[in-house]
Amino acid sequence: STAAVLARYRHIEEIPRRAIDWEVEVRGAERLASTLVEGYQEALLFRKLATLVVEGPIDADVDRLKWSGPNSEFGPVCEVLEDEGLLTRAAALVGR
């Protein structure tokens, strides 16, 4: 049902809120319309989170972007993750 509605309207913003206004007949339309209304903001958020942004600003040259190994802040992160061996493994990747 959801696929049929999205196939007709293409974008969640274009789907009428009331099933009676839909130009496609689907099973469980009223329940689906209710679910869409209830989860509308959450659906928009998930779509935003899943969208890859490729126009982001990069203010560094390529050499600055190259990973040179764990910095001083990485050890405490490993402790929070309860994986102190992670620091050793990360350091080994760069031959430290």
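Leaving aside neighbours within four places in sequence, which residues is Ile 15 in contact with? They are Val 5, Leu 6, Tyr 9, Trp 22 and Leu 36, where contact means heavy atoms within 4.5 Å.

## Basis of the model

The model is predicted, so local features need pLDDT of at least 70 and side-chain atom pairs count only at pLDDT 80 or more, while totals for chains, interfaces and linings use all residues. Residues are numbered from 1 along each chain as its sequence is written, and side-chain values use heavy atoms, with hydrogens and water left out.

## Overall form

The protein has six helices and zero strands, in the order α-α-α-α-α-α along the sequence. Helices (H or I, at least four residues) and strands (E, at least two) are DSSP runs, numbered from the N terminus. The radius of gyration is 24 Å, well over the 12 Å that the globule rule gives for 96 residues, so the protein is more spread out than a compact globule. That radius is taken over C-alpha atoms, and the globule rule is 2.2 Å times the number of residues to the power 0.38. Along the principal axes, the C-alpha atoms fill a box of roughly 65 × 35 × 20 Å.

Of the contacts with a separation of 6 or more, 32% join residues 24 or more positions apart. Buried residues account for 19% of the 96 residues. Here buried means under 20% relative accessible area, exposed means over 50%, and partly exposed lies in between (1.4 Å probe, protein chains only).

## Surface and charge

## The largest nonpolar core

Twelve residues form the largest nonpolar core: Val 5, Tyr 9, Ile 12, Ile 15, Ala 19, Trp 22, Val 24, Val 26, Ala 29, Leu 32, Ala 33 and Tyr 40. Helices H1 and H2 each supply at least two residues of this core, and H2 gives the most, with three. A nonpolar core is a set of buried Ala, Val, Leu, Ile, Met, Phe, Trp, Tyr and Cys residues joined through side-chain atoms within 4.5 Å. In soluble globular proteins, nonpolar side chains tend to be buried together.

Ile 15, a member of this core, lies in the loop between H1 and H2. Its relative accessible area is 5%, so Ile 15 is buried. Tyr 9, another residue of the core, touches Glu 14, Ile 15, Pro 16, Asp 21, Trp 22, Glu 23 and Val 24, not counting residues up to four places away in sequence.

Arg 10 is in the loop between helix H1 (2-9) and helix H2 (29-38). Its phi is near 70°, a positive value in a residue other than glycine, and Arg 10 counts as exposed because its relative accessibility is 64%. Arg 27 also lies in the loop between H1 and H2 and is exposed, with a relative accessible area of 75%. Arg 27 and Ser 1 are 26 residues apart in sequence and 6.3 Å apart in space, C-alpha to C-alpha.

Glu 82 occupies the loop between helix H5 (74-80) and helix H6 (85-93). Although Glu 82 is not a glycine, its phi is positive, at about 55°. With 70% relative accessibility, Glu 82 counts as exposed. Arg 89, in helix H6, counts as partly exposed at 46% relative accessibility. Its C-alpha atom is separated by 9.9 Å from that of Pro 70, 19 residues apart along the chain.
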